[in-house]
Amino acid sequence: MLFNSYIFIFIFLPLALIGYFLLNYAKCYEAGKLFLIGMSLWFYAYFHLSYLWILLASVTLNYICHLLLVRRFHTRFTAFSGILLNIGILYYFKYFDFVVENINYLTGAHITLSKVLLPLGISFFTFQQIGFLADTAKGKVNRQKLTDYALFVTFFPQLIAGPIVSHEEMIPQFGDVSKKQLSAENFYLGLRIFILGLGKKVLLADTFGQAVNWGFQNYTELDGFNTFLVALFYTLQLYLDFSGYCDMARGIGRMFNIQIPVNFLSPYKSANILEFWDRWHISLTRFFTRYVYIPLGGSRKGSLRTCLNVLLVFCISGLWHGAGWTFLLWGLLHGVLSVLTRLWHMFKSRFIPHALTKAQPFLRPFCILLTFLFLIYGWTLFRAESIAQASYMIRNMLTFHGVSIHTRLTGFFQLHEFWYIIKIIHLDALPYASCYCMIGMTVTALVLIFGCRNLYESEKIHRPGLLSTLSLAVLSVWCVLSISGVSTFLYFNF
């Protein structure tokens with residue numbers, strides 16, 4: 001079930017809210033948790049019923065490991081076995097065919113591919129449970145009730161595409177009696193965040209997505225400028241799509257009085273790649289830092305070891321996003337730039353006079369632009385079907401031969417509501433009229449990303465008023481009328 005669907009907005013979410021708060025109002029708190037677990041399982045099974053047994057088996061096996069670890073039953077062996085089991089399940093569903101394909105290619109063998117369907121959200125709920133087991137083995141987690149643990153894993157707002165939450169962030173909230181009653185303030189704030197996230201997805205990301213899909217399917221027809229436009233559109237689509245999902249998840253959680261952690265903090269405003277990864281998919285960065293980078297030695301074992309650790313973590317991060325050489329190379333590319341940035345910071349702190357560093361605020365806009373351009377080229381590799389396609393498109397982007405926009409690209413932006421207004425005021429007779437909607441949406445997206453506060457920042461200062469409420473109502477109606485062509489979220493693929 002998708003957040004941007006009629007069944008979710010008009011049936012599932014109202015039922016979940018009404019049932020949960022009615023049970024809590026009757027002080028049936030455990031029944032309220034069970035009800036929310038049941039609704040979350042329905043939410044997950046709606047995509048494909050066969051996914052459900054995988055999720056249930058994962059929750060059951062990990063909870064058994066948790067109980068054994070709490071009792072200190074062969075702690076190292078149990079923790080290792082539990083984590084290895086999670087990685088094994090993830091490997092089979094996500095990486096088995098990729099490994100077999102490469103073995104067949106290199107050796108000429110004919111090993112049969114499994115061709116299993118990738119369960120939605122498996123990368124997210126698997127990593128979430130690995131972190132939980134690791135913390136239990138370290139003695140950071142007390143014994144949890146099955147209902148609390150099951151709700152921690154399956155809570156539907158963040159089940160499919162994160163964020164990857166930790167036990168200390170979520171489980172105490174599920175047991176907090178003060179959060180069991182409906183809060184008008186939280187409901188309004190949650191609804192506002194949800195609608196704004198829905199707008200990002202439905203009105204902007206999906207529109208860019210149509211142009212992106214066509215562009216990557218017909219990349220050989222595009223010149224350098226149009227290839228760059230497609231890459232830029234994907235850069236905007238990916239951010240608006242994933243950020244929109246996380247906003248909607250936070251908004252839904254807020255309606256239930258549950259605070260889901262922020263996963264984005266204006267990442268495209270970053271002045272270097274290290275800052276970018278502190279702002280983009282924050283929960284994934286935190287997971288790799290806690291459970292991979294630090295156990296490998298972090299930055300405690302010298303500069304060379306630190307650089308190797310960083311490269312390894314980014315390669316793993318690349319493969320986490322997908323089973324393919326493009327993802328591995330994308331991760332390695334980010335890793336190399338992260339290492340170079342770290343080395344530059346070390347060099348700057350030792351050899352560049354402090355007086356010269358005062359110029360950094362003036363250089364920041366230039367650094368943000370360079371980082372954004374790197375991300376555009378990097379996301380091209382991330383989105384491409386093969387390294388050959390990515391290299392073709394990147395080479396094409398580096399060889400501009402004039403500035404003319406492909407008519408097929410502009411056609412995807414001719415939304416009826418905008419084009420009707422353009423015709424009424426007779427702008428369609430002006431030169432390049434077909435580009436106005438595309439330019440307008442691109443500028444709007446860039447202004448939202450670079451020129452506005454993110455939702456986390458704005459919610460701290462937002463005060464409900466008549467104008468803002470009416471604007472929200474108009475936006476919600478516009479979104480609802482625009483979701484007839486339902487599309488999945490990009491990070492469902494990872």
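**Overall fold and selected local features**

The model is a predicted one, in which local features need pLDDT of at least 70 and side-chain atom pairs count only at pLDDT 80 or more, whereas totals for chains, interfaces and linings use all residues. Residues are numbered from 1 along each chain as its sequence is written, and side-chain values use heavy atoms, with hydrogens and water left out.

Along its principal axes, the C-alpha trace of the protein chain spans about 70 × 60 × 55 Å. The chain holds 21 helices and zero strands, these being DSSP runs numbered from the N terminus (helices H or I, at least four residues; strands E, at least two). Of the 494 residues, 53% count as buried, where buried means under 20% relative accessible area, exposed over 50% and partly exposed in between, with a 1.4 Å probe and protein chains only. Among contacts with a separation of 6 or more, 78% join residues 24 or more positions apart, a contact being heavy atoms within 4.5 Å.

Helix H3 (residues 49-70) comprises 22 residues and reaches 33 Å from its first C-alpha to its last, close to the 32 Å expected at 1.5 Å a residue; the expected span is 1.5 Å times one less than the number of residues. The buried residues of H3, including Tyr51, Leu55, Asn62 and His66, pack against helix H2 (29-45), helix H4 (75-94), H6 and helix H7 (146-154). Just after H3, Arg72 takes a positive phi of about 60 degrees, and His74, in the loop between H3 and H4, has a phi near 45 degrees. Most residues other than glycine have a negative phi. His74 counts as exposed because its relative accessibility is 53%. A positive phi, near 65 degrees, is also found for Asn257, which lies in the loop between helix H10 (224-255) and helix H11 (273-279); at 4% relative accessibility, Asn257 counts as buried.

A search of the whole structure finds 61 aromatic pairs, defined for rings of Phe, Tyr and Trp (its six-membered ring) with centres within 6.5 Å, planes under 30 degrees apart counting as stacked, over 60 as edge-to-face and the rest as tilted. One of these pairs joins Phe127 and Trp320, whose ring centres are 6.1 Å apart and whose planes stand at 50 degrees, so the pair is tilted. Because Phe127 lies in helix H6 (residues 122-137) and Trp320 in helix H13 (residues 303-321), the pair ties together parts that are 193 residues apart in sequence. Both Phe127 and Trp320 are buried.

The charged end of Arg383 sits over the ring of Phe216, 4.7 Å from its centre, and Arg383 also lies over the face of Tyr234, at 5.9 Å from the ring centre; a charge sits over a ring if NZ of Lys or CZ of Arg is within 6 Å of the ring centre and within 35 degrees of the ring normal.

Ser283, in helix H12 (residues 282-293), counts as buried at 5% relative accessibility. A polar atom of the Ser283 side chain lies 3.0 Å from the backbone nitrogen of Ile164. Not counting residues up to four places away in sequence, Ser283 touches Pro163, Ile164 and Asn263.

Methods:
Polar contact = N/O pair within 3.5 Å; in protein donor to acceptor, adjacent residues only side chain to side chain.
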